[in-house]
Amino acid sequence: MKNIYLKPNAKIGVMAPSSYVEREDVEASVELLKTHGFEIFIHPQTYARHNQSAGTLTQKLDALHALYADKSIDAIWAAGGGNRALYLLDELNYDLITKNPKPLIGFSDVTALLNPIFQHTNTMGWHAQNFKHIHDFANADETLNVLTGKTSVMPLNNCE
């Protein structure tokens, strides 16, 4: 199994497998991650809209497959959650993913992709904050610590 921690200066590909996202949120997250030394590639599909979805099923599949096939991409971070990622499952190219293992990062609707990708390819992913909100997530530094394999401590104060 490939090491799934993000290395310094990793190139992260972003696409939207679910609902559409706002450009301003994505761009703010790009700026934050650049300050942490990451290179970010935003796939053009990320800003597509088809009803409440981030483009058509074909646009989403093509984007996800392109990011897996791109040897320069170290990880794929889902722009957002929402709904309709489940529709990608019947068309996912598991052979492509197996040959080009890299972690997929996201949660919410993205969980529909994380679990079967691991099941069919043994490629680990991260159940973590979606890309569009990492810039305004109070624990963004802790998330990045976990994704890069650094020690992270999140005290649970006032818990009963």
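This briefing describes the aromatic contacts and a nonpolar surface patch of the structure above. The model is predicted. It contains two aromatic pairs, and charged ends of arginine side chains sit over the rings of Tyr47 and Tyr87.

**The pair of Tyr5 and Trp126**

- The rings of Tyr5 and Trp126 have their centres 5.8 Å apart and their planes at 40 degrees, which makes this pair tilted.
- The two residues are 121 residues apart and link distant parts of the chain, with Tyr5 in the segment before strand S1 (11-15) and Trp126 in strand S5 (residues 126-127).
- Tyr5 is partly exposed, at 43% relative accessibility, whereas Trp126 counts as buried, at 15%.

**The pair of Trp77 and Phe131**

- Trp77 and Phe131 form an edge-to-face pair, with 5.6 Å from centre to centre and 75 degrees between the planes.
- Because Trp77 lies in strand S3 and Phe131 in the loop between S5 and helix H5 (140-147), the pair ties together parts that are 54 residues apart in sequence.
- Trp77 is buried at 0% relative accessible area, and Phe131 is likewise buried at 0%.

**Charges over rings**

- The charged end of Arg23 sits over the ring of Tyr47, at 3.8 Å from the ring centre.
- The charged end of Arg84 is placed over the ring of Tyr87, at 4.3 Å from the ring centre.

**The nonpolar surface patch**

- Tyr87 also belongs to a nonpolar patch on the surface, which it forms with Leu57 and Leu86, and the three residues together have about 310 Å² of accessible area.
- Leu86 is found in the loop between strand S3 (75-78) and helix H3 (94-99), and its relative accessible area of 54% makes this residue exposed.

Technical notes:
Residues numbered from 1 in each chain as written. Predicted model: local features only at pLDDT ≥ 70, side-chain atom pairs only at ≥ 80, totals over all residues. Heavy atoms only, no water. Patch = residues over 30% accessible without salt bridge, like charges linked within 9 Å, V, L, I, M, F, W, Y side chains within 5 Å. Areas by Shrake-Rupley, 256 points an atom, 1.4 Å probe, with all protein chains shown as cover. Salt bridge = Lys/Arg side-chain N within 4 Å of Asp/Glu carboxyl O. Helix = DSSP H or I, 4+ residues; strand = E, 2+ residues; numbered from the N terminus. Buried < 20%, exposed > 50% of the residue type's maximum accessible area, 1.4 Å probe, protein only. Phe/Tyr/Trp six-rings, centres within 6.5 Å; stacked < 30°, edge-to-face > 60°. Lys NZ or Arg CZ within 6 Å of the ring centre and 35° of its normal.
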